[in-house]
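Here is a short briefing on the structure shown below. Please read it with the model open.

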Amino acid sequence: MSRESIVNAALFALLIAVPLGALATDEPFIITLATRAVILALAAVGLNIALGIGGLVSLGHAAYFGIGGYAMGILAFHAQSYTPLFEGPFVIEGTKLMPIIWLVAICGGALAAFVIGLLSLRTTGVYFIMITLAFGQMFYFFTISWPAYGGEDGLSIYVRNSFPGLNTLVPIQFYAVCFVLLCAVLWFNARLARAPFGLALNAARQVPHRVEAIGLDPVRLKLVALVISGAVTGLAGALFADLNRFVSPTMFSWQMSGELMVFIILGGTGRLFGPVAGAMLFVLLEYLLGGISDYWLAFLGALLLLVVLYGRGGLVGIFAGKARNHD
Amino acid sequence: MTEPVLSTHALTKRFGALVANEAVSLDLRPGEVHALIGPNGAGKSTLVGQICGAIKPDEGRVQFLGRDVTEQSTRTRARSGLGRTFQISALAMEDSVLQNVVLGAMGAAGTVWHFLRPAMKDLTIRQKAEQALERVGLSDLASLRTGEISHGQRRRLEVAVALTLSPKAFVMDEPMAGLGAEGTRELTALLDELRQEAPILLVEHDMDVVFSLADRITVLNYGRVIATGSTAEIRSDPEVRRAYLGEES
């Protein structure tokens, strides 16, 4: 077993031990914190597929996160107010069922990523960062000025959505749902990185002209990566809204995009468990330091600076050493 | 005379007022090494760009395997068997040597749109990749990271990646760039064998290599073809001697 898989196993064990420990000592708040970490990790794993393998520095991933959030908010809002979502030749009702909400969030995130990708992948480097940021901001201001779903105030959902066979209002059960989804996506990410598509995408990041010279289209590879990435982050958005039972335009804010990127840089770019480590540390610091000072983000900034300057591989790199590609 | 595999017909490319290529016509016949030489700025790279599809010509046509490919993209030309190597190694440095050739084999086979099964376990692809490595003598280094191998080994890997496409023609842009005497000798021997597989259009500065490998030579100067012919003809051409080879040679 490589050192990296030991680090990964340790993080995995923490994600099981902490909530179970909290359950045993009757600390539901800790379980909620862990759920928050898992959901944010899931969103960042989505970004890491585009950023880590494909080298796509998207500063607009809040768009997909927010779309997932509003997919949940809008569907649940119509269900709880008993108003149809759409009336015409046929009627679309709202729903409180998680699997359906997830599906809508995934499709919404993927579709948005496809459209944004078509336009923004014509650029590279700083221009790509700026254009993805601009798309994120467009969604932000659109939701602020759209009164139908609460505008700036957002939407409150009174009861958490349901999953067949579970009582999602019990913290540990909702945690289990989020944790299983994170594991499924991490498994997919690990397979993807070693699959032909991952290999080609990885090369498209390093030497696009070589990829073209062997008959492949680097832009198409990156577009597909962005669609997968948007779908995963969209799913995380739906879970995040369900955790808070609230969705507002702040999910679309550029700070949200920035936070997702911070998780990855803190944890380790392109490392499978990098975003997981980053999100866990972020939530922990937010809890520990946030209680001491309102300016805790200044400490986070200092930490980020240290990691970037001295621990180039991020947290996972500090413990596991340089990344290696295995055959 | 046999049908040429690859040919250009009166290719002209201007960048503003600068005429980089003016009515350049040349052809590459089966089994030959055709060297393209000329001083710096003669328009060799522009010509290679147009042959491979990265640069769109203003006038003229490119023909490959009997078809007009002037309007085709780099990718389409690559898929129909135009294997190129780059002047500056274009390899995925973070990936292993084997992964680089596997990537080439995947691109050629069109099996890239798989998301779950491991790339390195596709035996057909892997066999093809390993054959290409064996061909250039890099089998022992297969599992090393490309960034860790020497410059000369990377130049050979560059050829191996082109080989995975089972090319119908090679276009090699200064394959010997930066190689020492030993490396040059090895790569020259390799290219000498490869011409049996597919003809090679060779852009090269090293005159010893050109004269030992080439069946025919085309000389570019200021974007125009000033001479084309067999090695002996080029050696004795007065205009070539003046423009390029210098009085001594």
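How many bridges join S6(B) to strand S7 of chain B, and do these strands run parallel or antiparallel? Four bridges join S6(B) to S7(B), residues 169-173, and the two strands run parallel. The model is predicted. The points below start with chain B as a whole, then take its sheet, and end with chain A.

**Chain B overall**
- Chain B holds nine helices and 10 strands.
- Its C-alpha trace spans about 60 × 40 × 40 Å along the principal axes.
- The radius of gyration of chain B is 18 Å, which agrees with the value near 18 Å for a compact globule of 249 residues.
- Of those 249 residues, 55% count as buried.
- Chain B exposes about 10700 Å², and carbon and sulfur atoms supply 49% of that area.
- Among contacts in chain B between residues at least 6 apart in sequence, 65% join residues at least 24 apart.

**The six-stranded sheet**
- Six strands of chain B form an open sheet with mixed pairing, in the order S6-S7-S8-S3-S9-S10.
- Strand S6 (82-85) and strand S10 (224-230) of chain B are the edges, and each pairs on one side only.
- From one strand to the next, the twist averages 15°.
- Strands of a sheet pair through backbone hydrogen bonds, in either the parallel or the antiparallel sense.

**Strand S9 of chain B**
- Six of the six residues of S9(B) are buried, so this strand is largely enclosed by the rest of the structure.
- In a regular strand, side chains alternate between the two faces of the sheet.
- B:Arg216, B:Thr218 and B:Leu220 point one way from S9(B), while B:Ile217, B:Val219 and B:Asn221 point the other way.
- S3(B) and S9(B) pair in the parallel sense over four bridges.
- B:His34 has B:Arg216 in S9(B) as its bridge partner.
- S9(B) and S10(B) pair in the antiparallel sense over six bridges.
- B:Ile217 stands opposite B:Gly229 in S10(B).
- S9(B) and S10(B) form a hairpin with two residues between them.
- In that turn, B:Tyr222 has a positive phi of about 45°.

**Chain A: listed spans and one arginine**
- An unreviewed UniProt entry lists transmembrane regions of chain A at residues 34-57, 62-80, 100-119, 126-149, 169-188, 223-241, 261-285 and 297-320.
- Residues 34-57 of chain A are 83% helix and 0% strand, with end C-alpha atoms 27 Å apart.
- Residues 261-285 of chain A are 76% helix and 0% strand, with end C-alpha atoms 16 Å apart.
- A:Arg194 is found in helix H6 (residues 171-194) of chain A.
- A:Arg194 counts as partly exposed because its relative accessibility is 44%.
- A:Arg194 and A:Gln206 are 12 residues apart along the chain, and their C-alpha atoms are separated by 16 Å.

Note on methods
Residues numbered from 1 in each chain as written. Chains lettered and ligands numbered in written order. Predicted model: local features only at pLDDT ≥ 70, side-chain atom pairs only at ≥ 80, totals over all residues. Heavy atoms only, no water. Pairing = 2+ DSSP bridges. Axes fitted to C-alpha atoms, helices over the stretch in contact; angles between N-to-C directions. Buried < 20%, exposed > 50% of the residue type's maximum accessible area, 1.4 Å probe, protein only. Rg over C-alpha atoms; globule rule 2.2 N^0.38 Å. Contact = heavy atoms within 4.5 Å. Areas by Shrake-Rupley, 256 points an atom, 1.4 Å probe, with all protein chains shown as cover. UniProt positions renumbered as here; feature names shortened; annotations may be inferred.
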